[in-house]
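I opened this notebook to keep track of what I looked up in the structure, and I write each term out once so that I can follow my own notes later.

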Amino acid sequence: MDLGFSDATAVVVGGGRGMGLAAARCLADDGARVALIGRTKAVLDRAAADLAGRGSPDALGIVADIRDTRQVDRVFTELGKRWQGELNVLINTVGPDVQGTVEQLTDEQWHAAVDDGVLGMVHCVRSALPLLRQAAWARIVNLSAHSTQRQSVILPAYTAAKAMVTSVSKNLSLLLAKDEILVNVVSPGSIASEALIGWAESVGVDGRDPYALMTAIDEHFGHPAQLPRAGLPEEIGPVIAFLASRRNSYMTGANVNVDGGSDFV
């Protein structure tokens, strides 16, 4: 299916690996010019080379700490010059890595969850908006999480940050409707990310086996999906890509669950 990305410009924040890279690959396969933002140059360089090999013209990785507004402003200023002042797609996939119960978490960890999981996204949206408004069409897709609808006692800070992402995104969809910039959220379920695989291995489970991984999630968190396995990043990428595409012409303010089946409402 042609998603209409040929010659489109796209930024994927956190696109060097995992679900961000899976989404970036879908865009590259369709001919988009993709810039990845992350913190590790080697990871970004490998990902950009992969995208170029898939057909993304001028794919590049940009090292920046999105918690720093000055760095974010610099990145989008440079991209504006590179892309003649226009940006079609902004995808934000970065989330916090904070675990612990409410009584265990320190104030610093709560602040880190918000800084990493929410303010970085806000900084990117704010800096990107002038470019998005100049484009003939524009989309924003932000990643939330299934834990906002199905709580875990060891993820209150992570969940609170992701709930803020969902709320801010809904507000943005209202704010930007007059500009016909569509804003949507994807809420993945248990996806075999590097972090989840690492957790599984720490408890003696082969995290790269999606069936074993889902069994461990059920045993440790009581949150099984209806399907008997965990999801894969490449199963999230196409959903993000559709929401970010020209083919999505009327969905905005939505929160799309991709969770293998659950009792979410």
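My entries on helix packing and aromatic pairs follow.

**Entry 1: ground rules.** I am working with a predicted model, in which local features need pLDDT of at least 70 and side-chain atom pairs count only at pLDDT 80 or more, while totals for chains, interfaces and linings use all residues. Residues are numbered from 1 along each chain as its sequence is written, and side-chain values use heavy atoms, with hydrogens and water left out.

**Entry 2: helix 8.** I took helices (H or I, at least four residues) and strands (E, at least two) as DSSP runs, numbered from the N terminus. Buried means under 20% relative accessible area, exposed over 50%, and partly exposed in between, with a 1.4 Å probe and protein chains only. In helix 8 (residues 233-243) I found Pro233, Ile236, Gly237, Ile240, Ala241 and Leu243 to be buried. They cover an arc of only 155 degrees around the axis, which puts them on the same side of helix 8; the arc is that of the directions from the helix axis to the C-beta atoms. These buried residues pack against helix 1 (18-29), strand 4 (89-92), strand 5 (138-143), strand 6 (181-188) and strand 7 (255-258), where contact means heavy atoms within 4.5 Å.

**Entry 3: helix 1 against helix 8.** I noted an angle of about 55 degrees between helix 1 and helix 8, with their axes 7 Å apart. Axes are lines fitted to C-alpha atoms, for helices over the stretch in contact, and angles run from 0 to 180 degrees between N-to-C directions. That makes helix 1 oblique to helix 8, since angles under 35 degrees count as roughly parallel, over 145 as roughly antiparallel, 65 to 115 as roughly perpendicular and the rest as oblique. Among the residues that meet are Ala22 and Cys26 in helix 1, and Ile236 and Gly237 in helix 8.

**Entry 4: aromatic pairs.** How many aromatic pairs does a search of the whole structure find? It finds two, where rings of Phe, Tyr and Trp (its six-membered ring) pair if their centres lie within 6.5 Å, and planes under 30 degrees apart count as stacked, over 60 as edge-to-face and the rest as tilted. Phe5 and Trp137 form a tilted pair, 6.3 Å centre to centre with 50 degrees between the planes, and both are buried. Trp199 and Phe221 also form a tilted pair, at 5.1 Å and 45 degrees. Trp199 lies in helix 6 (residues 194-202) and Phe221 in helix 7 (residues 210-221), so the pair ties together parts that are 22 residues apart in sequence.
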